[in-house]
Every structure is written in C-alpha cells, then in structure tokens.
Amino acid sequence: MRRILIKQAEIVTMNGTDDIFKGDILIENDRIQAIGPDLNPVNITKIIDGRGKTIIPGFVQTHIHLCQTVFRGRADDLELLDWLKKRIWPLEAAHDEESLYYSALLGIGELIQSGTTAIVDMETVHHTDFAFQAIASSGIRALSGKVMMDKGEEVPKKLQENTNQSIQESVDLLEKWHNFDNGRIKYAFSPRFVVSCTEPLLKEVAELSASYHVNVHTHASENLGEIQIVEGETGMKNIEYLDHLGLANNRLILAHCVWLNEREKQIIKEKGIHVSHCPGSNLKLASGIAEIPSLLDDDISVSLGADGAPCNNNLDMFNEMRLAALIQKPKHGPTTMDAKTVLKMATIGGAKAIGLGNEIGSIEVGKKADLVILNLNDFHTYPSFDVDPISRIVYSATRADVETSIINGKIVMENRIMKTMDKKIVLAESNHSIKRMTERMATIESF
C-alpha cells in the first residue's frame, strides 16, 4: 500500500465552498484519504514537506492534440483552414509510429511540467495505438481517440479514410484502451469536424457513443470560413446540424464555439453540451474571441484547453487562464471572468466536462489524488501578505512554479524532475522524428 503525506501546505481545494486553509493531505494508493490541520498517520511511504507551498487540484485541459506537438513552430501566422490544408494535414500524414509516440510524450511532458494532470486529446488518423502507449506509460489521465476523417478533396491521400474502416478502427481502439488502468485512460470518438466527416459517419458515431456510453470530442464553430462551408453543405449551423444528427447531449465536448447564434447557444444549454474554450489558439489563428461570459451566464459548461502546439506554441494552462480572463475585460468590464471563475474552469469545470466531477477537479476526501504542488516563493508572486491565493495563481504564477505533480496518487514529477519518462531521450527523439517526417514529405507526392 502506498501512503503519501503532504505536510503543512496551503490547500486551495476548489470544493463546493471554495475552502482555502493550511493543513496536511494523506494519499492512500490513488485517493485522498484524509485532509486536516495536523495529521499523524502511521505506515507512511513518503512525506512531502509542504511548508510555504500551495497545493491545487491538477488542471484538466479539455482540448489537446498530442499528435501535433512535434509540429511546434511549423504552422505560424495562418488562419484555420489554410493552417490545416497547407501545414497540419500534410504533417499528420507524414507521421509514423515512432514519431507519434514521441510527439505524444513531448506534449505530455510539457503538460505535466505545467500542472496539467488530465486531458481530452484528439489524435490523428493512423498509428493512434502508439499515442495511447505514450499516455499509458507517462501516467497522465486522458480521454483520447483516433481522429475520424472520411471526407474532403483537399485532404492528403494518406489521411483519407473509408467510413467503415474509420469506424471499425475507432471501435477497436475503444475496446482495447477504454478504462485502462482502472479508468485512468478513457476513449472518446473523435470526428475532426463537420467539414471532414460524412453524415453516415457522424450518425454512426452518435449511435456508438450512446451504445458504449462514451464521449464524443470534436471541433465546432471555430472559424467563419468553416461555418460557411457547413451551412452551404447542410443548410444548418454547426450545432444545429450536430443536434439534427443526434450528437447533441451531455457526452459531447465541443472545442472552440467562437461563433454561435442564439439558437445554437440554446441547444448547447438544453442538451448539456460541454464547451472547451481555447483562447490562445483562437487568438493565434485569428479565429475570434468566444463569448464565454454569456455562456457562463446561461450556466453552460465551459472548460479550458490549449489546443495543439502548432496553433498555440505551448500547452500551458497558466497562459490559458490568464488569456481567458483578460481578453473579455475590455468588452465586458474588469469584474468579468474573475480569477476564481477561471480557476474553476481549469479544474472542476474540466472534470465535470469529462464526467469525472465526482472523482477529480477538487481536493476532497475520497477523490482521486490528482494534485499539483506550487512553489510561489519568487519575485513575480510576491508580496504574498494578505493577497488572495487564487489571484496569485491565475494572474501571477507561471509554469515554472509547478514543483511536483501527482496523478492517480503517483508522483509523476518531483522537484521539476520527470519520473515517468527520460526527458533527454524525448527531446532528442522529437527532433529526429520531425526531421524524418519533413524528409518524407519532400519525397512523396501523396502528402
């Protein structure tokens, strides 16, 4: 039995009453066993000195593309559709098993080092099993799936799928990986977006999601050009079309939702759809600024995600929290998107979006031990006297302040040292992988 005791830390619980206090946390195997001012349990495996440190629930990012991490810096300064057609789709088509494995590890390493302990991940068309292998070995909590694309004339040949094949490969991966490691890994059907998916595929995904009771993760209403294509083909807006196909329910996670009309907002609210807000990506691709305050006012589930490295250049939740708060203030006023609201989106909001609100997202007895220890003792976070701890975390802290990350009761990073992967190997292999991929793209016309 593994028993970890964290002593005398500032604990930011994000529980129902937003309690913040100084105390101890006892972790037994994968769960929080006790929280109190001065715990003295026996048979402790490890004691962590939390004096002067701050503990928060691990961040839950609800939109990530691990397959794209090795594309960082190769698709800058483009709008969404050009970004996909000119850079991202050709690069995804060039992936091999090894490049996808190390792309996933590179992203996971960055996520863990910046305090993210759970993700909703969308992979590419091929080799997805190797991304799952990276997820499994790294210790991160993940909801992931193979991307599905069975439509699109400008899609590279290697990414063009047969509808039945796409569905069968997705089901095979689900049956292999869903609920792996006692539920640490779960599967989500991942049709890329309406533009690249046929109606038969989307209808089958809706039926399979209901049959297996698993999530569907896709993009919607990110870009005005995308919306124009969808409306031209279907006669409906994105969310209306997804509702028409039977996909609109509380298992659906929609990335972006920048451009919504009132009817679409109503569908999202009525059907319990979850929105993943990706401010960094939306700004860099010039997609726009989502009307998050109005969604929150309507009690719509909104969480945060960094998206992928080539449309954001980092996967840092501290950056996303700060952006999510600041970009709304010029239009809606300084009290809009306050620090507590944003931190909730980054923690318990994300947990609820993936159906794990009773398991992660806050620090409470009985919940899974997904925790992050911050060291906020530095120039950029001081003075600390009589300052709201949540304000310090959202507006002042950075990824460098993450000292230790615990997922499922296991220490995956301690004192900034990764425990589940060899950082030097991952960095070296990510360079080898992208070099091999770009050479392949230059010699094969089908890309």
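**A walk through the model**

Start with Met-14. Met-14 counts as buried, at 4% relative accessibility. Keep in mind that this is a predicted model. Where does Met-14 lie? In the loop between E1 and strand E2, residues 20-28. Phi of Met-14 is near 60°, a positive value in a residue that is not glycine.

Asn-408 gives us another case. Phi of Asn-408 is near 60°, and again this is a positive value in a residue other than glycine. Asn-408 sits in the loop between strand E16 (402-407) and strand E17 (410-414). Is Asn-408 buried or exposed? Buried, with a relative accessible area of 8%.

One more backbone point. Tyr-382 and Pro-383 are joined by a cis peptide bond, with omega about 5°. Look for Pro-383 in the loop between strand E15 (371-374) and helix H16 (389-396).

Now zoom out. The protein has 17 helices and 18 strands. Its radius of gyration is 21 Å, close to the 22 Å that the globule rule gives for 447 residues, so the protein is as compact as a globular protein of that length. The C-alpha trace spans about 65 × 45 × 40 Å along the principal axes. Of the 447 residues, 60% count as buried.

What about contacts along the chain? Take those between residues at least 6 apart in sequence: 73% of them join residues at least 24 apart.

The protein exposes about 17000 Å², and carbon and sulfur atoms supply 49% of that. As for charge, there are 48 positive and 61 negative charges, and their mean positions are 4 Å apart.

How many disulfides does a search of the whole structure find? Cys-257 is in no disulfide, and its nearest cysteine sulfur, that of Cys-278, is 9.5 Å away. Cys-257 is buried, with a relative accessible area of 2%. Then there is Cys-311. The closest cysteine sulfur to its own is again in Cys-278, at 7.7 Å, too far for a bond. The cut-off for a disulfide is 2.5 Å between the sulfur atoms. Cys-311 counts as buried as well, at 0% relative accessibility.

Helix H3 covers residues 128-138, and eight of its 11 residues are buried, so H3 is largely enclosed by the rest of the structure. Among the buried ones are Phe-132, Ile-135 and Asp-129. After H3 comes Gly-139, whose phi is positive, near 90°.

Val-60 lies in strand E6, residues 59-64. Val-60 is buried, with a relative accessible area of 1%. Which residues does Val-60 contact, leaving aside neighbours within four places in sequence? Its partners include Ala-118, Leu-304, Met-317 and Ile-360. Thr-17 is 43 residues from Val-60 in sequence and 20 Å away in space, C-alpha to C-alpha.

Then Met-1. Met-1 is in the segment before strand E1 (3-12). Met-1 is exposed, with a relative accessible area of 69%. Leaving aside neighbours within four places in sequence, Met-1 is in contact with Glu-28, Asn-29 and Thr-45. Met-1 and Glu-28 are 27 residues apart in sequence, yet 7.2 Å apart in space, C-alpha to C-alpha.

To recap the pair: Val-60 is buried, and Met-1 is exposed.

Definitions and conventions:
Residues numbered from 1 in each chain as written. Predicted model: local features only at pLDDT ≥ 70, side-chain atom pairs only at ≥ 80, totals over all residues. Heavy atoms only, no water. Helix = DSSP H or I, 4+ residues; strand = E, 2+ residues; numbered from the N terminus. Rg over C-alpha atoms; globule rule 2.2 N^0.38 Å. Buried < 20%, exposed > 50% of the residue type's maximum accessible area, 1.4 Å probe, protein only. Contact = heavy atoms within 4.5 Å. Areas by Shrake-Rupley, 256 points an atom, 1.4 Å probe, with all protein chains shown as cover. Lys, Arg positive; Asp, Glu negative; His and termini not counted. Charge placed at Lys NZ, Arg CZ, Asp CG, Glu CD.
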